[in-house]
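Morning, everyone. Let me put one chain on the screen and walk you through it.

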Amino acid sequence: MAKKKTKKSLIFKLALAAFFVYVAVSFTFMQVDISRRKETLEAVREEYRQQSYINQEVTNILNSGENADYIMKIAREKLGFVLPDEQVFIDYNRKE
């Protein structure tokens, strides 16, 4: 009878040890994942700050009304803006 108890006790101890190893490994992987996600979050926050600054600058330019030529240039280059009755010629041989 003592042998059965010892065997059950040994199995219980092994199961308990396996459980603690599983918890420790899981905890370690979670910490690594949390650290990686914090770095990603900080990068996204920095990108947000930069984009907010750019947006504020563009808003200031648009609200000033003094830079109509600049606004027209950006609208033409980035958005393909064309005035009515205007003919646009594109030089495909031009190297930039």
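How exposed is Val23: buried, partly exposed or exposed? Val23 is partly exposed, with a relative accessible area of 37%. The cut-offs: buried is under 20% relative accessible area, exposed is over 50%, and partly exposed lies in between, with a 1.4 Å probe and protein chains only.

Ground rules. This is a predicted model, where local features need pLDDT of at least 70, side-chain atom pairs count only at pLDDT 80 or more, and totals for chains, interfaces and linings use all residues. Residues are numbered from 1 along each chain as its sequence is written, and side-chain values use heavy atoms, with hydrogens and water left out.

Overall layout next. The chain has two helices and zero strands. Both kinds of element are DSSP runs, numbered from the N terminus: helices are H or I with at least four residues, strands are E with at least two. Helix H1 covers residues 2-64. Helix H2 covers 68-79.

Now dimensions. The C-alpha trace spans about 105 × 35 × 25 Å along its principal axes. The radius of gyration is 33 Å, whereas a compact globule of 96 residues would have one near 12 Å. That radius is taken over C-alpha atoms, and the globule rule is 2.2 Å times the number of residues to the power 0.38.

Val23 and Gln50 are 27 residues apart along the chain, and 41 Å separates their C-alpha atoms. Val23 lies in helix H1. Ser35 and Val88 are 53 residues apart in sequence and 53 Å apart in space, C-alpha to C-alpha. Ser35 also sits in helix H1, and Ser35 is partly exposed at 37% relative accessible area.

How much of the chain is buried? Buried residues make up 2% of the 96 residues. The chain exposes about 9,700 Å², and carbon and sulfur atoms supply 61% of that area. Accessible areas come from the Shrake-Rupley method with a 1.4 Å probe; for residues, only the protein chains shown count as cover.

Back to Val23, which belongs to a nonpolar surface patch with Phe12, Leu16, Phe19, Phe20 and Tyr22. Together they have about 650 Å² of accessible area. Patches take residues with over 30% relative accessible area and no salt bridge; nonpolar side chains (Val, Leu, Ile, Met, Phe, Trp, Tyr) are joined within 5 Å, like charges within 9 Å. Phe12 lies in helix H1. Phe12 counts as exposed, because its relative accessible area is 55%.

On to charge. There are 16 positive and 13 negative side chains, and the centres of the two sets lie 33 Å apart. Lys and Arg count as positive, Asp and Glu as negative; His and the chain ends are not counted. Each charge is placed at NZ of Lys, CZ of Arg, CG of Asp or CD of Glu.

Side chains of opposite charge can pair when their charged atoms come close. The salt-bridge rule is a side-chain nitrogen of Lys or Arg within 4 Å of a carboxyl oxygen of Asp or Glu. How many salt bridges does that rule give? The count is five.

Take Arg49. Arg49 bridges to Glu46 at 2.6 Å, N to O. These two lie in helix H1, three residues apart, about one turn of the helix. Arg49 also forms a salt bridge with Glu42, with the closest N and O atoms 3.3 Å apart. Relative accessible area is 42% for Arg49, 35% for Glu46 and 39% for Glu42.

Then Asp33. Asp33 and Arg36 meet in a salt bridge at 3.9 Å, N to O. They too lie in helix H1, three residues apart, about one turn. Asp33 is partly exposed at 29%, and Arg36 is partly exposed at 48%. A network of salt bridges links Asp33, Arg36 and Arg37.

Last item: backbone. Most residues other than glycine have a negative phi, and most peptide bonds are trans. Asp85 has a positive phi, near 60 degrees. Asp85 is found in the segment after helix H2. Asp85 is exposed, at 84% relative accessible area.
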